[in-house]
Amino acid sequence: MKECREFIIFGRVQGVGFRRFIKAKVDSINAQEVLLSGHIRNLPNGSVRVVAQGSKQALEDLEKILRVGSIASDVREIQSALLELNEALENFEILK
């Protein structure tokens, strides 16, 4: 059963390769047939927003990756919320 979740990541997560790191991890997950779709983008307040859709297990795996972050990032807090399913989400991409 698919779910759609929003994650807002706070800390040092902009200018440290965080979005590219997460995109590479999602691509790796998707290569194993565990499909996640959605997007990741920087927010004006310095946080990063991820909207992801997939199985509950894939979303839990993604949240673990978000908590670790890239080598130069420092994740302080993650807020998570359930969203309505969005059939328009087909792949996972970095938004500007």
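Contact here means heavy atoms within 4.5 Å. This is a predicted model, in which local features need pLDDT of at least 70, side-chain atom pairs count only at pLDDT 80 or more, and totals for chains, interfaces and linings use all residues. Residues are numbered from 1 along each chain as its sequence is written, and side-chain values use heavy atoms, with hydrogens and water left out.

**View 1. E87 in the loop between β4 and β5.** Strands (E, at least two residues) and helices (H or I, at least four) are DSSP runs, numbered from the N terminus. E87 has 59% relative accessibility and so counts as exposed. The classes rest on relative accessible area: buried is under 20%, exposed is over 50%, and partly exposed lies in between (1.4 Å probe, protein chains only). With neighbours within four places in sequence set aside, E87 is in contact with K2 and Q53. S47 is 40 residues away from E87 along the chain, and their C-alpha atoms are separated by 26 Å.

**View 2. Helix α1, residues 18-31.** The 14 residues of α1 reach 20 Å from first C-alpha to last, close to the 20 Å expected at 1.5 Å a residue. That expected span is 1.5 Å times one less than the number of residues. F18, R19, I22, V26, I29 and N30 are buried in α1. Seen down the axis of α1, these buried residues fall within an arc of 105°, so they line one face of the helix. The arc is that of the directions from the helix axis to the C-beta atoms. R20 and A31 are exposed on the other side of α1. Just after the helix, E33 takes a positive phi of about 70°.

View 3. The buried residues of α1 pack against the strands β1 (2-12), β2 (37-42), β3 (48-55), β4 (74-83) and β5 (92-94), and against helix α2 (56-68). D27 also sits in α1. At 36% relative accessibility, D27 counts as partly exposed. Q79 lies 52 residues from D27 in sequence and 23 Å from it in space, C-alpha to C-alpha.

**View 4. Helix α2 and its buried face.** α2 has 13 residues. From first C-alpha to last it reaches 19 Å, close to the 18 Å expected at 1.5 Å a residue. A58, L59, L62, I65 and L66 are the buried residues of α2. Seen down the axis of α2, they fall within an arc of 115°, so they line one face of the helix. Their cover includes β1, α1, β3 and β4. K64 and V68 are exposed, on the face of α2 turned away from its buried side.

**View 5. The meeting of α1 and α2.** The two axes come within 11 Å and cross at roughly 150°. Axes are lines fitted to C-alpha atoms, for helices over the stretch in contact, and angles run from 0 to 180 degrees between N-to-C directions. α1 and α2 are therefore roughly antiparallel to each other, a term for angles over 145 degrees. From α1, the residues F18, F21, I22, K25, V26 and I29 meet L62, I65 and L66 of α2.

**View 6. G69 in the loop between α2 and β4.** G69 follows α2 and has a positive phi, near 70°. With 6% relative accessibility, G69 counts as buried. Beyond its neighbours within four places in sequence, G69 is in contact with F18, F21 and V75.

Definitions and conventions:
Parallel < 35°, antiparallel > 145°, perpendicular 65-115°, else oblique.
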